[in-house]
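The following exercises concern the reading of a protein model from its coordinates. Each task is followed by a solution in steps.

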Amino acid sequence: MALVAVTGSPSAAEQVNTSINVSCGARDNDRATVEALNLAATLLGSNRLNLTMNITAADIPPAAGLDEEIDARFVWNARLDQNLIDGAAALIPSINITNASGTMLVNGPSSVPSFNATAPDVTVRPVAGRPANVNLGTYGGPITTTGGGIITYRVGNLQFDAALNVTGVGSFDLKLRCNVQGSNLIARTTVRDPDAPIFDPEVLNLDAAPGETVQVNLLEDIIQEGATPLMEDTLEIVESPAAGTASLDNGTFTFQSPQEPGTYSTTVQVCGEPKPDDEGIPGVSEEQTLFLGANWTNGFLAPRPVAFSLKVGDEGETPLIWTVPGRTKPLLLGAPTPENWAPENRAGLVNEYALLTDYVRPTASQIRGALEAVPAIGPGNVEVEEIFNDAERLTGFKITYVNERAEQNMPNVSLGQWYGVPPQEVLDRLLAAATGLLGGDDDDGDATPPPPPFDTLNDPDDPAQQRIADDFIGGKVLQGILNPANGPSPAEWDAYLDFRIVQPIISAAPEIIAFISGLFPAQVEIETTVEGEEPTPPQPLCAQGIIDVTVAEVQDETEGPGDDTGAGVGDAGATEVGGIQQTNGGGAGIGFVG
């Protein structure tokens with residue numbers, strides 16, 4: 001039997017495969033990027049680029065000893081949001097991703113606090129239904145543990161540039177920075193503290209016969225208390241042997257050997273009380289950011305909200321947050337509802353508010369009061385701070401959970417009800433009507449290619465290509481006057497009308513829709529910028545040992561008649577040497593070995 005403490009020895013490594021969602025927006029509020037993303041919202045339904053990061057590593061140990069070197073190397077990949085790819089497939093031939101860089105944080109008792117990395121440039125060609133994956137680079141390297149505690153590997157930041165060309169609209173260069181949506185934790189390694197309990201001796205071997213039972217009192221003979229009192233009730237088996245039966249009872253380890261020869265390992269663990277000065281790991285209080293619409297302003301039919309509410313996960317919804325002056329307007333004009341605001345078949349309440357109210361920007365106290373009204377948050381448990389841009393314009397609110405809601409994961413906040421001037425309902429109807437124009441006929445991949453010369457014409461705005469199309473169809477019309485059989489065929493007419501009329505309309509549609517969308521107030525957006533985490537209480541000081549039992553192969557022996565030494569297998573006797581006991585599985589007698 002061998003009992004080996006893990007102190008100072010490398011721990012078994014594990015593969016890591018972690019998914020982390022991130023949302024990317026304009027870096028440093030780059031104006032060109034903001035405008036391009038707003039256009040993307042009208043075409044693709046979102047002004048954020050969402051990614052799912054898949055982070056892998058071959059050998060990150062879940063536990064390590066002091067002064068142990070760890071190869072903390074992780075491969076970062078990302079998959080673009082499939083809804084975005086499906087929507088972009090018909091409009092964007094390619095997306096060139098360049099200048100990708102980021103930071104991985106290494107918190108805890110590590111010799112290296114962070115790693116930076118870059119990634120090679122890559123081109124993504126959107127195809128509906130096909131995942132688009134991007135290599136973001138390899139992060140990390142060797143680190144050395146510097147003390148007891150927990151090392152965490154986390155996504156720090158990620159940014160990149162994206163160049164794309166939207167058919168019929170133009171080229172765009174986006175400068176993007178990504179925020180983690182949820183936890184940024186990739187993996188963790190627990191470092192054993194030198195004040196943990198000690199297994200002594202470190203090596204203890206025991207040979208056993210097939211079917212033999214071996215026992216050792218770990219608490220009395222093997223385990224020594226560390227710097228803190230031993231927690232005897234924490235003694236447990238954390239890894240069972242491949243064969244045979246291992247058990248613990250009141251500190252005694254018992255192993256019933258199998259019949260097959262071999263060495264069978266059992267891993268046990270015991271802990272000491274936390275250090276008196278161990279305060280645990282503080283929790284993280286969640287932070288969220290509420291972004292206001294960039295185009296909100298005052299004036300007759302100027303884009304602006306009248307009121308909106310916020311949903312707190314599935315825990316409830318805030319009262320309406322009003323952006324009109326005074327408290328009397330809702331009483332005089334009536335409270336808006338989804339049914340009365342902008343119905344499709346009659347005049348809605350929006351008309352009254354558009355004519356009789358002005359826009360007043362919301363305040364931090366309004367947002368705070370509305371959130372506190374949700375039972376899942378409660379009074380005094382949230383702080384709200386105004387955010388201004390360089391031009392001293394209010395752009396949003398920073399939401400921080402405190403007191404009873406501090407240091408915990410909070411439900412995601414999202415937009416609930418929305419009442420704007422002009423009404424979002426009208427914009428939704430316009431976009432629905434334009435969907436057919438933008439998407440065109442569904443292409444099942446079996447469409448017949450256009451006849452010459454239209455099979456080589458790909459730019460309806462190119463005067464030279466326009467002239468080729470006009471000359472061809474004009475010549476065919478003249479030939480048809482002399483001989484109808486030589487006139488334009490139905491396929492040629494269809495190809496000409498598609499090139500000269502339909503395609504230019506489709507090309508202009510996104511720009512027109514972007515202009516129309518700008519007439520309506522942009523809705524608020526809410527993003528979790530810091531995911532809340534509960535505090536980690538003071539941790540017990542644990543150590544592990546490995547018990548190896550080697551079962552020897554049975555040698556054939558022939559016992560002659562009358563061979564009796566006076567100590568048969570049925571005899572009972574007890575002699576203890578070294579606290580290790582063996583029981584022969586072939587009879588009731590007990591023998592002891594040192």
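This is a predicted model: local features need pLDDT of at least 70, side-chain atom pairs count only at pLDDT 80 or more; totals for chains, interfaces and linings use all residues.

**Exercise 1. The chain as a whole**

Determine the secondary structure content of the chain, the share of buried residues and the accessible surface.

Solution. 
1. The secondary structure comprises nine helices and 30 strands.
2. The chain has 594 residues, and buried residues make up 40% of them.
3. The accessible surface is about 30,600 Å², and carbon and sulfur atoms account for 50% of this area.
4. For contacts between residues at least 6 apart in sequence, 76% join residues at least 24 apart.

**Exercise 2. Disulfides**

Identify the disulfides, give their geometry and classify the burial of each cysteine, with under 20% relative accessible area as the criterion for buried.

Solution. 
1. With a limit of 2.5 Å between cysteine sulfur atoms, the count is two disulfides.
2. Cys 24 belongs to strand β2 (residues 14–26) and Cys 178 to strand β11 (residues 170–180), so that the link spans distant parts of the chain, 154 residues apart.3. The torsion about the S-S bond of Cys 24 and Cys 178 is 95 degrees, and the link is right-handed.
3. Cys 24 has a relative accessibility of 0% and therefore counts as buried. Cys 178, at 7%, is buried as well.
4. The other disulfide joins Cys 271 to Cys 542, with an S to S distance of 1.9 Å. Because Cys 271 lies in strand β20 (residues 262–272) and Cys 542 in strand β28 (residues 541–551), this pair ties together parts that are 271 residues apart in sequence.
5. The S-S torsion of Cys 271 and Cys 542 is about 95 degrees, so this disulfide is right-handed.
6. Cys 271 is buried at 5% relative accessibility, whereas Cys 542, at 25%, is partly exposed.
7. With bonded cysteines counted along the chain, the disulfide pattern is 1-2, 3-4.

**Exercise 3. Nonpolar cores**

Describe the largest nonpolar core and state which of its residues touch the most other members.

Solution. 
1. The largest nonpolar core contains 55 residues.
2. The members that touch the most others are Leu 51, Phe 74, Trp 76, Tyr 153, Phe 160 and Ile 186.
3. Strand β10 (residues 149–166) supplies the largest share of this core, namely eight residues.
4. Apart from this core lies another, of 26 residues, including Leu 292, Ile 321, Ala 370 and Val 413.
5. The surroundings of Phe 74 can be examined in detail. Leaving aside neighbours within four places in sequence, the contacts of Phe 74 include Val 16, Ile 55, Met 104, Tyr 139, Tyr 153 and Ile 186.

**Exercise 4. A helix and its packing**

Which residues of helix α6 are buried, and which elements do they pack against?

Solution. 
1. Helix α6 covers residues 364–372.
2. Its buried residues are Ala 364, Ile 367, Ala 370, Leu 371 and Glu 372.
3. An α-helix has 3.6 residues a turn, so residues three or four places apart point the same way.
4. The buried residues of α6 pack against the strands β22 (304–312), β23 (321–322), β24 (382–388) and β25 (394–401).

**Exercise 5. Aromatic pairs**

Count the aromatic pairs and classify the pairs Trp 341 with Tyr 353 and Phe 454 with Tyr 496 by the angle between their planes.

Solution. 
1. The structure holds twelve aromatic pairs.
2. Trp 341 and Tyr 353 are 5.5 Å apart centre to centre, with 50 degrees between the planes, and the pair is tilted. Trp 341 is in the loop between α4 (329–333) and α5 (350–356), while Tyr 353 is in helix α5, twelve residues apart.
3. Trp 341 and Tyr 353 are both buried.
4. Phe 454 and Tyr 496 have a centre to centre distance of 6.4 Å and 65 degrees between the planes, and this pair is edge-to-face. Phe 454 is in the loop between α7 (424–439) and α8 (463–482), and Tyr 496 is in helix α9 (residues 490–517), 42 residues apart.
5. Phe 454 is buried at 4% relative accessibility, and Tyr 496 is buried at 15%.
6. One aromatic cluster is formed by Trp 296, Phe 308, Tyr 359 and Trp 418.

**Exercise 6. A glycine in a loop**

Locate Gly 65 and determine whether it is buried or exposed.

Solution. 
1. Gly 65 lies in the loop between β4 (63–64) and β5 (69–80).
2. With a relative accessible area of 1%, Gly 65 is buried.
3. The C-alpha atoms of Gly 65 and Asp 193 are separated by 7.5 Å, although these residues are 128 residues apart along the chain.

Methods
Residues are numbered from 1 along each chain as its sequence is written. Side-chain values use heavy atoms; hydrogens and water are left out. Helices (H or I, at least four residues) and strands (E, at least two) are DSSP runs, numbered from the N terminus. Buried means under 20% relative accessible area, exposed over 50%, partly exposed in between (1.4 Å probe, protein chains only). A nonpolar core is a set of buried Ala, Val, Leu, Ile, Met, Phe, Trp, Tyr and Cys residues joined through side-chain atoms within 4.5 Å. Contact means heavy atoms within 4.5 Å. Rings of Phe, Tyr and Trp (its six-membered ring) pair if their centres lie within 6.5 Å; planes under 30 degrees apart count as stacked, over 60 as edge-to-face and the rest as tilted. Accessible areas come from the Shrake-Rupley method with a 1.4 Å probe; for residues, only the protein chains shown count as cover.
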